[in-house]
Amino acid sequence: MFSVRSRHFWAGEWFGIFHVIILIIMYLSMIRIYPAPEHEHAIIDILDSLRGPITAIADCLDCMISVEIDGDRAICYLEKWQTYDALQQHLRSALYDRVLAAMELSRQPPDVTFYDVTEAGSLGLVEQARLLH
C-alpha cells in the first residue's frame, strides 16, 4: 500500500507506473499539557470553555479533553478538523489564544502534534484483527 502525506484534500504522486490519490479525511491536533498540581483545574476549565464554541464551527468534527490518571497526569486535548484551511483559520483565532494560554500553564513544554488522517477504522477493525489471529 502506498501512502502520501499532504496538506491538501486531494494529493497525488507518481510511484513507478502507479498513480496514487490519497483523500485526507480529517486533520487532528493533539496537545498534551503537563500541569503543576495547582494549575490542573485552571487548564481543564480553560479547555472545557472552548468545547462549545469550537464544536459550533462548521468544519470542526470534534473536540475532546482527557486526563491521564498515572505518570505525569497530562491533560490531553484533541481537536478534529474536516479541512486544513479550517484548522489553519482556527490556529489564528482568538479561541486558539485560549489554548495557548492553557499551554503556558504547563510545567514543562507541552507536546503538540498535528496529523493528516487518510484512513479511520472502527469496531470492525477490531473484529477483523481478532478473527485473523
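Predicted model: local features only at pLDDT ≥ 70, side-chain atom pairs only at ≥ 80, totals over all residues.
Residues are numbered from 1 along each chain as its sequence is written, and side-chain values use heavy atoms, with hydrogens and water left out.

Let's start with the sheet. Its 4 strands run in the order β4-β5-β3-β6, open and antiparallel (strands are DSSP runs of E, at least two residues, and helices are runs of H or I, at least four, numbered from the N terminus; two strands pair if DSSP finds at least two bridges between them). β4 and β6 (111-117) sit at the edges with a single partner strand each, so one side of each has no neighbour in the sheet. From one strand to the next, the twist averages 10 degrees.

Now for α1, which covers residues 40-55 and reaches 23 Å from first C-alpha to last, close to the expected 22 Å (that is 1.5 Å times one less than its number of residues). Its buried residues are Glu 40, Ile 43, Leu 47, Leu 50 and Ile 54 (buried is under 20% relative accessible area, exposed over 50%, partly exposed in between, with a 1.4 Å probe and protein chains only). They span an arc of only 100 degrees around the axis, which puts them on the same side of α1 (the arc is taken from the directions from the helix axis to the C-beta atoms). Turned away from that buried side, His 41 and Asp 45 are exposed.

What covers the buried residues? Among the elements doing so are β3 (26-33), β4 (60-67), β5 (75-81), α2 (84-91) and α3 (94-104).

Definitions and conventions: Contact = heavy atoms within 4.5 Å. Axes fitted to C-alpha atoms, helices over the stretch in contact; angles between N-to-C directions.
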